[in-house]
Amino acid sequence: MIDIRSDTVTLPTETMRKAMAAAELGDDVYGDDPTVKKLEALGAEIMGKEASLFVPSGTFGNQLALFTWCQRGSEVVLGDECHIVVHEGGAAAIIPGVQLRCISAPYGVLRPEELQKRLRTTNRDSLHEPATSLICLENTHGSGRPVSLADMDAVRDVALSFALPVHLDGARIFNAAAALGCTAADIATRADSVMLCLSKGLCAPVGSLLAGPRDFIEKARLKRKIMGGGLRQAGVLAAAGILALTDHPQLLAADHARAQKLAQGLAKIKGLRVDMEAVATNMVFFSRDGSTAEFDEAVAGAFAKRGIRINAPRDGKYRFVTHHGIGDGELAAVLSAATEVFA
């Protein structure tokens, strides 16, 4: 099956599988796993941070950041369509116990003037208002669009003026770096902490990293244990993560180029409206003229019959995602199937 639902569906390469089988192991809860240590040191270096911590997933890493930075009952300010708000199951209310204050942030861009209106650090002694404890950014945004370094700098300046930390959900930070023509560290150093996924487009089967100041990471290590993230012989997974960081970021530009080709091909199909401006990384969003609920319910099945997995449209919009498993042959098959299904 060809799978264009997400870049989370990438499978470990044969090189990764061999590295996993041969990984030197220890008990990571005791701090004894050399492969995990190597991954964490590498991740910190690439992100320009003092230290990093291996965690099971991106959601885990984001929630661990909130759990470490924030006091319970405090407030986190962030974009209204970011992953922490929309796709983490309301975890912020359960794990760190914080209130989320959302700002309209088109394509992940938090405007400094709107941000300043909502920061409440001056009311720490108020009986009525929670204190702001953290600002969160996301890059790339869930739409696949990168947030510019200038827009990140504007948020950072506001945060510094209020003495607030900034956490970055950098699940696809390497996609953002490829699109912006900079390094991942150029992006990550504009936040105090950053979460990056090893399993989104980089082919590792499991895992993310949370990176930041050394004292922050040591506090997060305890809280990771509280959250059930104290893994034992985790080097089996970390071995794949090391290769994800060393071998795969440079391949993402090819995914982006194929997304452009996919968008251009879909735009030629009568009745499809492709958001060409939004194709900045590896995601293509489009809609179909005259779509009905009945058609939308059946469309995933129609593609499946042709050997292709897609997600059903959300609010009338489809998302196709290119990744390591989508080469030129798979791209041609997707476009052929789309021509038939959407005819």
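**View 1. Lining of the largest cavity.** L78, G79, E81, C82, A105, G108, L110, C136, L137, E138 and H141 line the largest cavity of this predicted model. A cavity is a set of points on a 1 Å grid over the protein atoms alone where a 1.4 Å probe fits but cannot get out, and lining residues have an atom within 4 Å of a point. β3 (75-79) and β5 (132-138) are the elements that give two or more residues to this lining. β5 supplies the largest share, 3 residues. Strands (E, at least two residues) and helices (H or I, at least four) are DSSP runs, numbered from the N terminus. By type, the lining holds 6 nonpolar, 3 polar and 2 charged residues. Here Ala, Val, Leu, Ile, Met, Phe, Trp, Tyr, Cys and Pro count as nonpolar, Asp, Glu, Lys and Arg as charged, and the others, Gly among them, as polar. The volume is about 80 Å³. Volume means the space filled by probe spheres set on the grid points, which are joined across faces, edges and corners. The whole structure has 2 cavities of 30 Å³ or more.

Residues are numbered from 1 along each chain as its sequence is written. The model is predicted, so local features need pLDDT of at least 70 and side-chain atom pairs count only at pLDDT 80 or more, while totals for chains, interfaces and linings use all residues; side-chain values use heavy atoms, with hydrogens and water left out.

View 2. Helix α8 (residues 173-180) gives the most, with 3 residues. In α8, I173, F174, N175, A176 and A177 are buried. Buried means under 20% relative accessible area, exposed over 50%, and partly exposed in between (1.4 Å probe, protein chains only). Their cover includes α2 (34-47), β6 (166-169), α9 (184-188), β7 (193-197), α11 (235-247) and α12. Contact means heavy atoms within 4.5 Å. G181 follows α8 and has a positive phi, near 70°.

View 3. The 3 strands run in the order β9-β10-β12, with antiparallel pairing. The edge strands β9 (272-274) and β12 (318-321) each pair on one side only. On average, neighbouring strands are turned by 30° against each other, direction ignored. Helix α12 (residues 252-267) packs on the sheet and touches β9, β10 and β12. The direction of α12 makes about 10° with that of β10. Axes are lines fitted to C-alpha atoms, for helices over the stretch in contact, and angles run from 0 to 180 degrees between N-to-C directions. β10 (residues 283-288) pairs with β12 over 4 bridges. Two strands pair if DSSP finds at least two bridges between them. F285 has R319 in β12 as its bridge partner.

**View 4. Surroundings of A19.** A19 sits in helix α1 (residues 14-22). At 25% relative accessibility, A19 is partly exposed. Beyond neighbours within four places in sequence, A19 contacts A239 and L243. G235 is 216 residues from A19 in sequence, yet the C-alpha atoms are 9.9 Å apart.

**View 5. Surroundings of V9.** V9 lies in the loop between β1 (2-3) and α1. V9 is partly exposed, with a relative accessible area of 23%. Not counting residues up to four places away in sequence, V9 touches D3 and H323. V9 and H323 are 314 residues apart in sequence and 8.5 Å apart from C-alpha to C-alpha.

Conventions: 1 Å grid on protein atoms, 1.4 Å probe; cavity = no way out; pocket = protein on both sides within 12 Å on 5 of 7 lines; lining within 4 Å.
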